[in-house]
Amino acid sequence: MGSKFVEKGAARGAPAGPEPAASSELRTDGSRWEGLEETREFRELMAARWRFVLPATIFFLAYYFALPILNGVAPDLMRTRVIGSVNIAYLFALSEFFMAWILAWLYIRRANTVFDRLAEAVRRRGGAAFRRGQR
Amino acid sequence: MNLTLVLFLIVVAITLGITGWAARRARTTVQFWAAGRSIKGWQNGLAIAGDYMSAASFLGIAGLIAFNGYDGFMYSVGWLVAYLLVLFVIAEPMRNTGNFTMADVLAYRMRPAPVRSAAAVATIAISASYMMAQMVGAGSLIKILIPGLDAALKPFFAWSLFGVKLDPSITMVGLLMMIYVIVGGMVATTWVQIVKAVMLMTGAVILTLMVLIFFSFNLGAFFDSVAGVKDKATGLPFTDPGILYQYGKTRVWGADKALLENVSLGMALILGTAGLPHILMRFFTVPDGKAARNSVGWAMGLIGTFYIMTTFLGFGAAVLVGKANICAKVVNGKCASAPNNNLSVPRLADFLGNHFFGTIGGEFLLAFIAAVAFATILAVVAGLTLAASGAFSHDFYVNVIRTHLFHGKVSEREQVLVARITAALVGVLAIFLASATGASTNAAALVAGLAFVVASSAALPVILFTLFWKRFNTWGAVAGLLGGTIATIVCYILGPGFSVNPPKNPIFPLANVGIVTIPFGFICAIVFTYLGELVSVDRLAEQKFHEIDVRANTGLGAEGSATAMAGGE
């Protein structure tokens, strides 16, 4: 019953958050997910994700806020012209775009190779427990 | 016949054609809300770009740069970098665990009735302020660019409703968006957004190229002439920061006010995008998490390219047209009305067309850019209508009232019917409110100052905690959603607000309230999670965390595209 419950909820487009039915059913359902959560594959996936996402997020937030803060704190520095009339403030702002593109590209590349492979391994394990739901 | 009017009608004809084609693909709930989950990654990338880049981006940012130089560019930077957060922690988990709306993800772990109701409140607050800004903008734009149309429609609007006279231009935009959504659902909305994204990119590329050709592709000369434009009040050249945010002038809370405003704005821009319901909704239209991720990549490429071009459009208008010549009424090459920065891009188009191809060229390019702006607004308001009606009908009516209160089952047919009815109600309400507020609204400020702040103060903390914090519970979710929304609205009303003529000494000193309300939203969610535990332990929320954790990260059990599903059943 547990597995059927999961598929139906999603497949029908009915209320997505499967609402709590009988509590016994829920517990079996919950413990299955918990089991999957503790598999080596899933732990590896999470470790790999966070290893990328955490430093990348800290970096982009720091890089992003450096721009308005420097503009406010050190306006003379930011107004310094480096190439003709182009100043540091404009080049910094422009570099934010390339920073965002490069980080996005790195993430997508990592996800398409590493994360997807690990997620697939978890899904295969889960597939045995849930019969279907491979995607 | 007026050339602008012809191009407007072509845009209307194309979008209505799409809607007619999509009508047969909007019958089931998964078709109506999620386009059958069959939108390809790159298509969704275009649609996200079309959903996201509003009139505030196209006309608003370029206008800010044209009038205030460099500082306007800060919006462009924030609105692109924001997508990194969407890519890293939002897009795939959303697709893997959600169904049609943001609240679906929350209701996974939490008690559905309270979180869905609270999420509906936040969603409607975000969509309503966003939509108002777009519609008011559309109204004034149409009046200026095709005065004939507004005048011709006027006799049909000679009556008033509850003392409010409906605005013909706003009503027209409202009716079109209602038709797209009601008849064609998400399929029509998606394709209208894709068409708009292509038009917008084309328009921006053409204008940027023409600016560059004007300067014979000599970027040095271009920036030299931008630096030659000086701001009257501060004396700074337009390439320098400090014109819009006058640093070191006033102090608030022991810090530089301009710096606080700028950082506060940045927080809302960068965190708000990940909580916008109409953007989150787009991730439910693709087949799987991988497509959701790739669509963000496509969107970032387009959005970033566009936002870099805003400097060429804005600086170009500052140099070639000049602040003094950007207004609604130009008589003999001189301004006969007050300067209006939203018209910088149209005036730039007029100038460039004239310069390269003579009077007819100017008229044509102006008409084309006006049509692009019109399509831009239509695509965004359609996405917003869909998100708001999702909150009303899917979250509130179907899942709270019918399923929870009356324990009823709601058939597919009824769900789609209710979705259509709520879309109509949302549309009528938006037309009414936008007509009532009228031109006293500063559109770009309203979007960035209110919609993005509610999204980052109310929606984002709750989404993040639902996905990543095991201990998070229903109490915290409801408190975060309502606390963030209410705090934003209160600070906003007490602050300088969105009026064109702000009050002198508002109680809340900053126009950008995010620096206070975003931490407040997060704190509300955390504090009430612990307080709630004292009242009653939300065991379900903790148990379900294991499920959402596995699902969000692996896509296990997520529903595939509609076609794949039909084969599987």
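Is the crossing of H5(B) and H11(B) right-handed or left-handed?

Reply: The crossing of H5(B) and H11(B) is right-handed; a crossing is called right-handed if the near helix is turned clockwise from the far one, and left-handed if it is turned anticlockwise by less than a right angle. Before going further, please keep in mind that this is a predicted model, in which local features need pLDDT of at least 70 and side-chain atom pairs count only at pLDDT 80 or more, while totals for chains, interfaces and linings use all residues. Residues are numbered from 1 along each chain as its sequence is written, and chains are lettered from A and ligands numbered from 1 in the order in which they are written.

Helix H5 of chain B covers residues 73–97 and helix H11 of chain B covers residues 257–272, where helices (H or I, at least four residues) and strands (E, at least two) are DSSP runs numbered from the N terminus. Two packed helices are described by the angle between their axes and the distance between the axes. Here the axes come within 7 Å and cross at roughly 40°, the axes being lines fitted to C-alpha atoms, for helices over the stretch in contact, with angles that run from 0 to 180 degrees between N-to-C directions. H5(B) and H11(B) are therefore oblique to each other, since angles under 35 degrees count as roughly parallel, over 145 as roughly antiparallel, 65 to 115 as roughly perpendicular and the rest as oblique.

On the side of H5(B), the residues that take part are B:Met74, B:Tyr75, B:Gly78, B:Trp79, B:Val81, B:Ala82 and B:Leu85, and they meet B:Asn262, B:Leu265, B:Gly266, B:Leu269, B:Ile270 and B:Leu271 of H11(B); two residues are in contact if their C-beta atoms, placed from the backbone, lie within 7 Å. By class, this contact of H5(B) with H11(B) holds 10 nonpolar, three polar and no charged residues, with Ala, Val, Leu, Ile, Met, Phe, Trp, Tyr, Cys and Pro counted as nonpolar, Asp, Glu, Lys and Arg as charged, and the others, Gly among them, as polar.

H5(B) also packs against a helix of the other chain. H3(A) and H5(B) have their axes 11 Å apart, at an angle of about 170°, and they are therefore roughly antiparallel to each other. From H3(A) come A:Val53, A:Ala56, A:Thr57, A:Phe60, A:Tyr64, A:Leu67 and A:Pro68, which meet B:Met74, B:Val77, B:Val81, B:Leu84, B:Phe88 and B:Val89 of H5(B). The residues of this contact divide into 12 nonpolar, one polar and no charged.

Seen across both chains, 62 residues of chain B are in contact with 57 residues of chain A. Among the elements that give two or more residues to the side of chain B that touches chain A are H5, H11, helix H13 (289–321) and helix H14 (344–405) of chain B, and the largest share, 10 residues, comes from H5(B). That side of chain B is made up of 31 nonpolar, 20 polar and 11 charged residues.

A:Phe52 is partly exposed, with 17 other C-beta atoms within 10 Å; a residue is buried if 20 or more other C-beta atoms lie within 10 Å of its own, exposed if 12 or fewer, and partly exposed in between, with the C-beta atoms placed from the backbone. Leaving aside residues up to four places away in sequence, A:Phe52 touches A:Tyr107 and A:Arg110.

Chain A has five helices and two strands, which follow the pattern α-α-α-α-β-β-α along the sequence, and 30% of its 135 residues count as buried. Chain B has 20 helices and six strands. The radius of gyration of chain B is 23 Å, close to the 25 Å that the globule rule gives for 569 residues, so chain B is as compact as a globular protein of that length; this radius is taken over C-alpha atoms, and the globule rule is 2.2 Å times the number of residues to the power 0.38. Of the 569 residues in chain B, 66% are buried.
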